[in-house]
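Subject: Structure handover

Hi,

Here is the structure for you to look at. My notes on what turned up follow below.

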Amino acid sequence: MANKAYQFRLYPTKEQEQLLAKTFGCVRFVYNKMLEERIQMYEKFKDDKEALKKQTFPTPAKYKKEFPWLKEVDSLALANAQLNLQKAFQNFFSGRAGFPKFKNRKAKQSYTTNVVNGNIKLSDGYIKLPKLKWVKFKQHREIPAHHIIKACTITKTKTGKYYISILTEYEHQPVSKEVQTVVGLDFSMNTLYVDSEGKRANYPRFYRQALEKLTREQRVLSRRRKGSNRWHKQRLKVAKLHEKISNQRKDFLHKESHKLAKLYDCVVIEDLNMKGMSQALHFGQSVHDNGWGMFSSFLQYKLEEQGKKLIKIDKWFPSSKTCSCCGQVRESLSLSERTFRCECGFESDRDVNAAINIKHEGMKRLAIA
Ligand SMILES: [Zn+2]
């Protein structure tokens, strides 16, 4: 089984908008409530691990008695809030993320609902959703008939647009392709990646220009008096630019990953811990903004669809410090050294050297597998 998500613009009526706002609020409320209770539980049993294990975690159902208005919204959305919190804790315990945070009003306005007994249906430009009934949407592409809808995530952007992401599942058993061509990618802040052939992915010029514009508009925003009319106006302008940029980035990431998945049978990348990395290197622009995580997930499904492979190698692998010619590992390499030089006489662009090492490491894995 494979998954694929389809995203469409949603056009709710005023009434539906109100219910959506209520649902976003209830999901946030329940999430925060459960988080609060879990924190209290950990505090109470912090010296007694055995007793902690026996505790049952709070569920949304529990709150419905105390807060009856929770019944007015899609109960599946609330159940998913619980799952999201569980996931946040799992990520925390495995070291992939920080401790779960409370969601405030500024947090992403979104909720997920699931298909149960045909509660979600599509018909002629409308989608039927729990509690909301039929909502108008722009279906610019067909969902193939053999795809089964599993879940829907509804999101409101900061500029007030609504989107629905429809997650589907479908039968897919790609024939595993024999690996003949392999490429290694080294993550790069400025250009997304440098590959082992020495090619750089380059963000398009209009994207860079939009980024510059965003910086300027943000500066204007910071000078305006918070809460004033002019501030609100500027804030909307910034939000619109943000949206435009994130769409452009997504587009670019789709194109780049498509290209690579077409050209190569196997792509090797580093499994970067984005959070740790952005903290360690004090990047001005957040690494998240560069979309490496999104890029690797696009790559993964595009390769898998064709029976090809994505190999992620350990983030501790010394890809930059190793000489791709003789294999010697240097003790240190400062970020400012753009050219890699080895005692063996090998000289290369720092990122290309790293990408070649990543490729070699991936090929080693392939031989073992
Ligand atoms: Zn060397």
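On charges: the protein chain carries 71 positive and 38 negative ones. Their mean positions lie 9 Å apart. Please keep in mind that this is a predicted model, and that every value here is computed from it.

Overall build. The protein chain contains 9 helices and 13 strands. Along the principal axes, its C-alpha atoms fill a box of roughly 75 × 55 × 50 Å. There are 369 residues, and 40% of them are buried.

Seven strands make up an open sheet with antiparallel pairing. The order is β2-β6-β7-β1-β5-β4-β3. Which strands sit at the edges? They are β2 (109-114) and β3 (121-123), and each pairs on one side only. From one strand to the next, the twist averages 35°.

Inside that order, β1 is listed next to β5. Strand β1 covers residues 2-11 and strand β5 covers residues 133-138. The two pair in the antiparallel sense, over 3 bridges. For a specific point to check, look at Arg9: its bridge partner in β5 is Lys138.

The hairpin. Strands β8 and β9 form a hairpin, with 3 residues between them. Strand β8 spans residues 182-188, and strand β9 spans residues 192-195. They run antiparallel and are joined by 4 bridges. Ser188 stands opposite Leu192 in β9.

Ser246 belongs to helix α6, which runs over residues 229-263. Is Ser246 buried or partly exposed? Its relative accessibility is 31%, so Ser246 counts as partly exposed. The cut-offs behind that call are under 20% for buried and over 50% for exposed. I also checked Ser246 against Val135. The two are 111 residues apart along the chain, and their C-alpha atoms are separated by 25 Å.

Best wishes

Notes: Residues numbered from 1 in each chain as written. Predicted model: local features only at pLDDT ≥ 70, side-chain atom pairs only at ≥ 80, totals over all residues. Heavy atoms only, no water. Buried < 20%, exposed > 50% of the residue type's maximum accessible area, 1.4 Å probe, protein only. Lys, Arg positive; Asp, Glu negative; His and termini not counted. Charge placed at Lys NZ, Arg CZ, Asp CG, Glu CD. Pairing = 2+ DSSP bridges. Axes fitted to C-alpha atoms, helices over the stretch in contact; angles between N-to-C directions.
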